Structure formats: C-alpha cells, structure tokens
Amino acid sequence: VQLQASGGGSVQPGDSLRLSCEASGRTLSRYSMSWFRQAPGMEREFVAAIRRSGSGGATYYSEEVKGRFTISRDSAKNVLYLQMNSLKFEDTAVYYCGLAERHKVGLMTRPGDYNYWGQGTEVTVSS
C-alpha cells in the first residue's frame, strides 16, 4: 500500500487549502481513512476520519477543526481529500493521511488505529 499526500503550502489566516491523498494498492472506499497532523514538538493528533463505505461512510472531526474542515473521498479516482477552510495559525503542521486495514466499532481517533500512512504534506499558516 502506498499513500501519497499532497496539497500543502503556505497560506494566510482565513485562507483555504485542499489536501489530497492518492492511494495505490488498495481501494480506499473499502477502508476507514483519516487525516492526522503533527506540529513541531507535538504528538500526532487526530483531525478527521471517514468510515469505509460498507459501514456507511460517516465522517467525524476533532473539535478544533469541526465546521472548518471537510474530509471526503472520490472513489472513482481513489483519492482522499481534506478541504480546509478558515485556516488559523494553530493549523500549522505536517498533515498525514492514514488507512486502517481493520475497521473498529466506535471512533478511530488514535494513530495506532491506522496501519498505513502517507509521507505527510506541510501546511503553514502565517501572516
């Protein structure tokens, strides 16, 4: 399995970015997927997740990004997205996409819930 994250960049507060995570070796819709982020000196933290299609495809978010970020996937392109709006300074981090081979009942918000990771794409929010 290979996950390739892209779309990061340097933006100003209030701007938007869309991150992409292209997958090879797996059909994304069959797996629960996520976005995590890691700021310098901090632990990797949960941002958003989308359940596998077979479990309804529901999405859920951390409180810090709820209402501003949207996770989605394009099954035809086999790509996971994270639309980030109204970006804040505190959103600065390296963003990672994750794939969980095993589905779990309940929220999958821990890094250990995911088996495969993309290489990360850096988002910097500054004025």
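This is a predicted model: local features need pLDDT of at least 70, side-chain atom pairs count only at pLDDT 80 or more; totals for chains, interfaces and linings use all residues.

How far apart are the ring centres of Phe-36 and Trp-117, and at what angle do their planes sit? The centres are 5.2 Å apart and the planes are at 85°, so this is an edge-to-face pair. The two partners come from distant parts of the chain: Phe-36 belongs to strand β4 and Trp-117 to strand β10, with 81 residues separating them.

Tyr-114 is buried, since its relative accessibility is 5%. Step back and you'll find that Phe-36, Phe-46, Tyr-60, Tyr-114 and Trp-117 make up one aromatic cluster. The structure holds five aromatic pairs.

Some rings have a charged neighbour instead. Arg-18 lies over the face of Tyr-81, 4.1 Å from the ring centre. Over at Tyr-96, the charged end of Arg-44 sits above the ring, 3.7 Å from its centre.

On to the interior. In soluble globular proteins, nonpolar side chains tend to be buried together. Here the largest nonpolar core has 28 residues, and Trp-35, Leu-80, Leu-82, Met-84 and Tyr-95 are the ones with the most contacts inside it. Which elements give two or more residues to this core? They are β1, β3, β4, β5, β7, β8, β9 and β11. Apart from it lies another core of seven residues, including Phe-36, Phe-46, Met-108 and Tyr-114.

Leaving out neighbours within four places in sequence, Met-84 contacts Asp-15, Ser-16, Leu-17, Leu-19, Arg-68, Phe-69, Tyr-95 and Val-123.

Is Ser-20 buried or exposed? Its relative accessibility is 14%, so Ser-20 counts as buried. You'll find Ser-20 in strand β3. Skipping residues up to four places away in sequence, Ser-20 touches Gln-4, Ala-5, Ser-6, Trp-35, Val-79, Leu-80 and Tyr-81.

Last stop: the cysteines. A disulfide is a covalent bond between the sulfur atoms of two cysteines. The structure holds one disulfide, formed by Cys-21 and Cys-97 with their sulfur atoms 2.1 Å apart. This link also joins distant parts of the chain, since Cys-21 is in strand β3 and Cys-97 in strand β9, 76 residues apart. The angle about the S-S bond is 65°, and the link is right-handed. Cys-21 has a relative accessible area of 0%, so Cys-21 is buried. Cys-97 counts as buried too, because its relative accessibility is 0%.

Methods
Residues are numbered from 1 along each chain as its sequence is written. Side-chain values use heavy atoms; hydrogens and water are left out. A nonpolar core is a set of buried Ala, Val, Leu, Ile, Met, Phe, Trp, Tyr and Cys residues joined through side-chain atoms within 4.5 Å. Buried means under 20% relative accessible area, exposed over 50%, partly exposed in between (1.4 Å probe, protein chains only). Helices (H or I, at least four residues) and strands (E, at least two) are DSSP runs, numbered from the N terminus. Contact means heavy atoms within 4.5 Å. Rings of Phe, Tyr and Trp (its six-membered ring) pair if their centres lie within 6.5 Å; planes under 30 degrees apart count as stacked, over 60 as edge-to-face and the rest as tilted. A charge sits over a ring if NZ of Lys or CZ of Arg is within 6 Å of the ring centre and within 35 degrees of the ring normal. A disulfide is a pair of cysteine sulfur atoms within 2.5 Å.
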